[in-house]
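Hi there,

Here is the structure I promised to pass along.

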Amino acid sequence: MEPVGVAKLRARPLLLFLCLTLRAGMLQFVAATIQGYIGERDICPSVCRCDEDFIYCNDRGLSSIPSLPPSASVLYLQNNHINNPGLPTSLESQLTVRVVYLYDNELDEFPMHLPPSVRELHLQDNNIRTIPRSALARMPLLEKLHLDDNSISTVSIEDQAFADNPRLRLLFLSRNHLSSIPSGLPASLEELRLDDNRISTIPTHAFRGLTSLRCLVLDGNLLANQRIADDTFSRLSNLTELSLVRNSLQTPPVNLPSAHLQRLSLQENALTHMPRGSLDGMHRLLRLDLSGNNLTTLQRGLFKDLDSLGQLLVRGNPWHCGCNLRWLYDWLHARGNSITVRGLTCHGPDRVRDMALTDLSSEMEECEVVKTAGTRDRVGVGGVDSSTTHTPPQGSLFTLRSKRPGLGLPDSGLDYTLSSSGVGKSLALNVKPLSHNSVRVTWSVAQPSSSFRLSWLRLGTGNAMGSITETLVRGDHREYLLTSLQPRSSYIICMVPLPASSESKGAISGDADSDEALVCAKAETSDIIPLEENEDENSQQMTVLPLAGIIGGATAIVCLALIFGVFCWYGHKSGHLCSRDHYTRNSSRKSKTYDDYIESGTKKDNTILEIRSPGFQMTPMAACPPMQPKPLQEDYIIHTIFPSNGTGLYKGANHVSNAGHGTNRGYREGGIPDIDYCYT
């Protein structure tokens, strides 16, 4: 029994050793398997560079996509030569890919084998022509799709192409061949870019259902006001940015969404007018761009709701900075530093050209509030109220009008006469009618004044008086032109120099000192009919002068033609225009004979026709005698011109010279005739 027990004890260590060895082998196998799996998982294509799950295969000149590691999430494949056959079907198994950059390649169809996990796809700068629904349906998680700079047209987008992409938020279709807004866009869309296409019409239903849209870019299309439905943009209730740059709009589209709009771009259109109310309700607007249009003024109250406006860009417009923009001047100064203005530079009048509107403080102070409330003046004959209607401001843009004279004007009921000039203590006034509706006013002063107040009043019939029109004239001026006056009317024109204190207040109502310095004169405009008759007489006189010139010129031309005809007849009769012999003797060729073939080229000569060798000589058989009509048919003999040094016309480069070919016989034996006859 003891030997058996000893044998068992000896066998136990051996069994223990075998168990440990087997266990270690299994552990090594498992470790090798795991390591091999991980190594296979982290392998990177040799032509690419990998940074964790970012695979950089761009700018490698690839024509196909190499095998990618399973952990790839962002693929940079742009700027290659990858075409549709270069997209392997194994891409569909890359379930971790989220972003794919395939722009600037050679794709001519929408890729079909992209991973279904893709959320952002860049396909711009290819030659893609169609958007099939089946290709987009393979990517239900797609959120951003870039298709700029392709060849996509409206008809090449399959109906309901985006129906299987409920998460699509951004769609770029810039610089394609679209002629209208694509239909069937998903309701989840937040940003839509359709700039630089051929879109000319936007119907009512174009943006139906796009209530989530926040940014719409339609730059560089063919849009005009007549081709945009009235309620097109009103459906976009959550729109925050609208860009309509480089179109053909004359006014902003009607019914723009105003509740949430923050950026409105209307530059480089054909805007000539901004209707009052076109910007109403835009309390959140932060940036307004009206650059590059034809705007000269803006309606008062246009910016009444732009409480949050921080940027106003208006450069490239011919702004006319008169009293029409006084409200904008006040509005900008009230906003102060809270708003940035770019390009509000005056284009007219000339005295403020190239000046900023915000710098016209002295000019704008001349623009006072117009007080034109209708009043009832003195009652005329027959108890009829003779209240007058104010005419538009006359003279410069900076003109004010008042209801009744605040100055001590002459009473029309008193019997004293005003002349065309007036002299006061410090001012001499002179008026001169220039036409039926204009009067020139000049003056001189004894001492300088900061400004002058010029007033004029049209006298009515009986005791009735019209309304006074006033304007402030700068102190350095000595002349003023009143325009738009009534023909056959009498005007009382008065002027008073103003001190600095009166100028700052506008000087609407005169004080005692102004009344003392007031100087008046009277002018009468002429009738419009005599002036028109004079204009007719002048126009008739002006038309007589060109008529006399035309007749004289025609006579001179006829005389010259007759003289030239006589000269030609005399030359033809004397034979200097037809004799060929005379032409030959007196031409530049008079020192040469008929057999002189040294001169090369073709000469325009009735006697000889030379052609550069090898060539022919053409001479007439009989010359035309002087004063003899030229025959309709002439016979010519064509002689071959023999080349010099014994060279033949038909010899090759390696032909052996033969003396026989330098004579007529040699050419005749060679089959080349030396004399032929040709009739012309």
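Predicted model: local features only at pLDDT ≥ 70, side-chain atom pairs only at ≥ 80, totals over all residues.

**A strand pair, and what surrounds it**

Strand β19 (residues 427–435) runs antiparallel to strand β20 (residues 438–445), and eight bridges hold the pairing. Strands count as paired here if DSSP finds at least two bridges between them.

Residues are numbered from 1 along each chain as its sequence is written, and side-chain values use heavy atoms, with hydrogens and water left out.

**The chain as a whole**

The protein chain has nine helices and 29 strands. These are DSSP runs numbered from the N terminus, with helices being H or I of at least four residues and strands being E of at least two.

Of its 680 residues, 37% count as buried. In this email, buried means under 20% relative accessible area, exposed means over 50%, and partly exposed lies in between (1.4 Å probe, protein chains only). The accessible surface of the protein chain comes to about 38,300 Å², and carbon and sulfur atoms account for 54% of that. Those areas come from the Shrake-Rupley method with a 1.4 Å probe; for residues, only the protein chains shown count as cover.

As for contacts (heavy atoms within 4.5 Å), take those in the protein chain with a separation of 6 or more: 55% of them are between residues 24 or more positions apart.

**How confident is the predictor?**

The average pLDDT of the protein chain is 75, and 65% of the residues score at least 70. The pLDDT is the predictor's confidence in each residue, on a scale from 0 to 100. Residues 34–41 stay under 50, and the model has four contacts beyond four places in sequence for them. Residues 576–616 are also below 50 in pLDDT, and that stretch has 63 contacts in the model beyond near neighbours in sequence.

**Disulfides**

- Cys44 and Cys50 are linked with their sulfur atoms 1.9 Å apart, and the link is right-handed, with 85 degrees about the S-S bond. Cys44 is partly exposed at a relative accessible area of 29%, and Cys50 is partly exposed at 28%.
- Cys48 is joined to Cys57, S to S 1.9 Å. This link of Cys48 and Cys57 is right-handed too, with 110 degrees about the S-S bond, and both cysteines are buried.
- Cys321 is joined to Cys346, S to S 2.0 Å. The torsion about their S-S bond is about -105 degrees, so this disulfide is left-handed. Because Cys321 lies in the loop between β14 (319–320) and α3 (326–335) while Cys346 is in strand β16 (residues 346–348), the pair ties together parts that are 25 residues apart in sequence. Cys321 and Cys346 are both buried.

**Aromatic pairs**

Searching the whole structure gives seven aromatic pairs. Rings of Phe, Tyr and Trp (its six-membered ring) pair if their centres lie within 6.5 Å; planes under 30 degrees apart count as stacked, over 60 as edge-to-face and the rest as tilted.

One of them is Tyr101 with Tyr103: the ring centres are 6.4 Å apart and the planes are at 85 degrees, so the pair is edge-to-face. Tyr101 counts as buried because its relative accessibility is 18%, whereas Tyr103 is partly exposed at 23%.

Phe303 and Trp327 also form an edge-to-face pair, 5.8 Å centre to centre with 65 degrees between the planes. This pair links distant parts of the chain, 24 residues apart: Phe303 is in the loop between β12 (287–289) and β13 (311–313), and Trp327 is in helix α3. Phe303 is buried at 1% relative accessibility, and Trp327 is buried at 8%.

Finally, Tyr56, Tyr76, Tyr101 and Tyr103 make up one aromatic cluster.

Best wishes

Methods: Disulfide = S-S within 2.5 Å.
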